[in-house]
Amino acid sequence: MTPQNAGSGTRSDCVGFPRGTEIMTLAGALPVEALYPGDRVITRDAGAQTLRDITCHAVPVRSRFVRVSRDALGGRPSCDMLLPADQRMLLRDWRAQALYGTSAARVPISRLVDGEFLRWTEDRPEALLRLRFDHCHIVYANGLELFSADPVTAEV
């Protein structure tokens, strides 16, 4: 399986996970704010990976958010979620085939807004936590397959 990049080709600084988002680790599902560098996070694409960095960032003023209802995407997420519009996810259900003609697609969550189960909201968290590894990975966040931030570099 090779997911297709269905995004705009640009990345926003507004990606990450609000506090309370449960991330799957070798120690079980933990809230993102309980993670520390060195923790082993379960990824879809590469098994358990060592978390290199976790940073907390204020949400930019002009950022848009999407409210994802519980079970909106094939029985996922496990609870209502608030995600930045540019947060990329791995879409692996009928929507990938219907919208992109492939079995899997990398899409920003904003591309899936339907006004009912995924809808624009004025709600916004105070901050987002970004998970960084040696490479970008797909992590399990409240059951959704979401992309981590870009990899750790020497400048970080």
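Residues 24 or more positions apart make up 58% of the chain's contacts with a separation of 6 or more. A contact means heavy atoms within 4.5 Å. The model is predicted: local features need pLDDT of at least 70, side-chain atom pairs count only at pLDDT 80 or more, and totals for chains, interfaces and linings use all residues. Residues are numbered from 1 along each chain as its sequence is written, and side-chain values use heavy atoms, with hydrogens and water left out.

The chain has 156 residues, and 43% of them count as buried. Buried means under 20% relative accessible area, exposed means over 50%, and partly exposed lies in between (1.4 Å probe, protein chains only). The accessible surface comes to about 8100 Å². Carbon and sulfur atoms hold 47% of that surface. These areas come from the Shrake-Rupley method with a 1.4 Å probe; for residues, only the protein chains shown count as cover.

**Strands and pairs**

The chain contains one helix and 14 strands. Both are DSSP runs, numbered from the N terminus: helices are H or I with at least four residues, strands are E with at least two. Two strands pair if DSSP finds at least two bridges between them. Strands of a sheet pair through backbone hydrogen bonds, either parallel or antiparallel.

Three strands form an open sheet in the order S8-S7-S11, with antiparallel pairing. Strands S8 (81-84) and S11 (118-121) stand at the edges; each has a single partner strand, so one side of each lacks a neighbour in the sheet. From one strand to the next, the twist averages 35°. That angle is taken between N-to-C directions, from 0 to 180 degrees, with axes as lines fitted to C-alpha atoms (for helices, over the stretch in contact).

| Pair | Bridges | Facing residues |
|---|---|---|
| S7 (residues 65-68) and S11 | four bridges | Val68 and Leu118 |
| S13 (residues 138-141) and S14 (residues 144-147) | four bridges | Ala141 and Leu144 |
| S4 (residues 40-43) and S5 (residues 47-50) | four bridges | Ile42 and Ala48 |

Two of these pairs are hairpins. In the hairpin of S13 and S14, two residues lie between the strands. The hairpin from S4 to S5 runs through three residues.

Strand S4 also shows alternating side chains. Val41 and Thr43 point to one face and are buried.

**Empty space**

Rolling a probe the size of a water molecule over the atoms shows where empty space is left. The search uses a 1 Å grid over the protein atoms alone. In a cavity, a 1.4 Å probe fits but cannot get out; a pocket is an open set of points with protein on both sides within 12 Å along at least five of seven lines. Lining residues have an atom within 4 Å of a point. Points are joined across faces, edges and corners, and a volume is the space filled by probe spheres set on them.

The structure holds one cavity of 30 Å³ or more. The largest cavity has about 40 Å³ of space. Its lining includes Val15, Phe17, Gln87 and Phe147. Strand S12 (residues 127-132) gives the largest share of that lining, three residues.

The second largest pocket has about 160 Å³ of space. Among its lining residues are Leu73, Arg76, Met89, Asp93 and Leu144. Strands S9 (88-91) and S14 are the elements that give two or more residues to this lining. S9 gives the most, with three residues.
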